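The report that follows treats side-chain pairs and helix packing in turn. Please read it alongside the sequence and the coordinates.

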Amino acid sequence: KSKYVLRITASIGDLRYRTLAHTEVAQGRYQLGDLKGARDMLARAERLVSEIDSPYAGSFSRARVASTYAKIGEFKIAVRVVEEISDDDLRARLYWSVSRQLRDSGRAREALVLETKALHEASNAKSTFDRTSLLGSFAIDLATDERLVLGRDVFERAMGESRKIETGWW
């Protein structure tokens, strides 16, 4: 079965799509109880990511790999992969996503470290729009989780950034 799956994924010409296929197969293997198989597929996906020429496509593919590592509970590896993402916006969003998964798995202390990184990345995003968008998204998540004091603070920061937008973004 594995050789058949590898032949199919190897037939996908574009590396970013092949990488995404590997992450999907890894999730499937994990759901079937094959953690080793999931890890192996993700290791293959990581190797492919390093061959992607486009910086954004590489960051996007790396984000999928990191997200999948987090989904299978490999949080340390997920964070390492997140730290390799060159796109600031994606890196902030992934830190946030992994922090939520950590919190959901009862690891609040580790989640707080990544939340702090995500908020720092969001606050230092290059564009005012990106800062507003990131902080606004994080504020919604915090409010949804009934973490209202921090959620309100992050919302106020997002609103402060939004007031600095002077031109239409679309």
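The model is predicted, and local features need pLDDT of at least 70, side-chain atom pairs count only at pLDDT 80 or more, and totals for chains, interfaces and linings use all residues. Residues are numbered from 1 along each chain as its sequence is written, and side-chain values use heavy atoms, with hydrogens and water left out.

Glu115 forms a salt bridge with Arg103, with 3.0 Å between the closest N and O atoms; a salt bridge here is a side-chain nitrogen of Lys or Arg within 4 Å of a carboxyl oxygen of Asp or Glu. Because Glu115 belongs to helix H7 (residues 108–123) and Arg103 to helix H6, this pair ties together parts that are 12 residues apart in sequence. Helices are DSSP runs of H or I with at least four residues, numbered from the N terminus. Arg103, at a relative accessible area of 26%, is partly exposed.

## Other salt bridges

Across the whole structure, a search finds 20 salt bridges. One of them joins Asp88 to Arg91, whose closest N and O atoms are 2.6 Å apart. Asp88 and Arg91 are 3 residues apart in helix H6, so about one helical turn separates them. Asp88 is partly exposed at 22% relative accessibility, whereas Arg91 is buried, with a relative accessible area of 13%.

Arg131 and Glu161 form another salt bridge, in which the closest N and O atoms are 2.7 Å apart. This pair links distant parts of the chain, since Arg131 is in helix H8 and Glu161 in helix H9 (residues 148–162), 30 residues apart. Both Arg131 and Glu161 are buried. Elsewhere, salt bridges with shared partners join Glu46, Arg62, Arg80 and Glu84 into one network.

## Aromatic pairs

A pair of aromatic rings is described by the distance of the centres and the angle of the planes. Rings of Phe, Tyr and Trp (its six-membered ring) pair if their centres lie within 6.5 Å, and planes under 30 degrees apart count as stacked, over 60 as edge-to-face and the rest as tilted. By this rule there are 2 aromatic pairs. In one of these, the ring centres of Tyr56 and Phe60 are 6.5 Å apart and the planes stand at 25°, so the pair is stacked. Tyr56 and Phe60 both belong to helix H4 (residues 55–71), where they are 4 residues apart, about one turn of the helix. Phe60 is partly exposed, at a relative accessible area of 35%.

The rings of Trp96 and Phe138 are also stacked, because their centres are 4.2 Å apart and their planes lie at 10°. This pair links distant parts of the chain, with Trp96 in helix H6 (residues 88–104) and Phe138 in helix H8 (residues 128–144), 42 residues apart. Trp96 is buried at 3% relative accessibility, and Phe138 is buried at a relative accessible area of 2%.

## Packing of H6 with H8

Two packed helices are described by the angle between their axes and the distance between the axes. The axes are lines fitted to C-alpha atoms, for helices over the stretch in contact, and the angles run from 0 to 180 degrees between N-to-C directions. H6 and H8 pack at an angle of about 10°, and their axes are 11 Å apart. H6 is therefore roughly parallel to H8, given that angles under 35 degrees count as roughly parallel, over 145 as roughly antiparallel, 65 to 115 as roughly perpendicular and the rest as oblique.

On the H6 side, the residues in contact (heavy atoms within 4.5 Å) are Asp89, Ala92, Arg93, Trp96 and Arg100, and those of H8 include Leu134, Phe138 and Leu142.

## Packing of H2 with H3

Helix H2 (residues 15–31) packs against helix H3 (residues 35–49) at an angle of about 170°, with the axes 8 Å apart, and H2 and H3 are therefore roughly antiparallel to each other. Among the residues that make this contact are Leu15, His22 and Tyr30 of H2 and Leu35, Met41 and Val49 of H3.

Gln27 also lies in helix H2 and is buried, with a relative accessible area of 16%. Leaving aside residues up to four places away in sequence, Gln27 touches Thr68 and Lys71.

Terms used: Helix = DSSP H or I, 4+ residues; strand = E, 2+ residues; numbered from the N terminus. Buried < 20%, exposed > 50% of the residue type's maximum accessible area, 1.4 Å probe, protein only.
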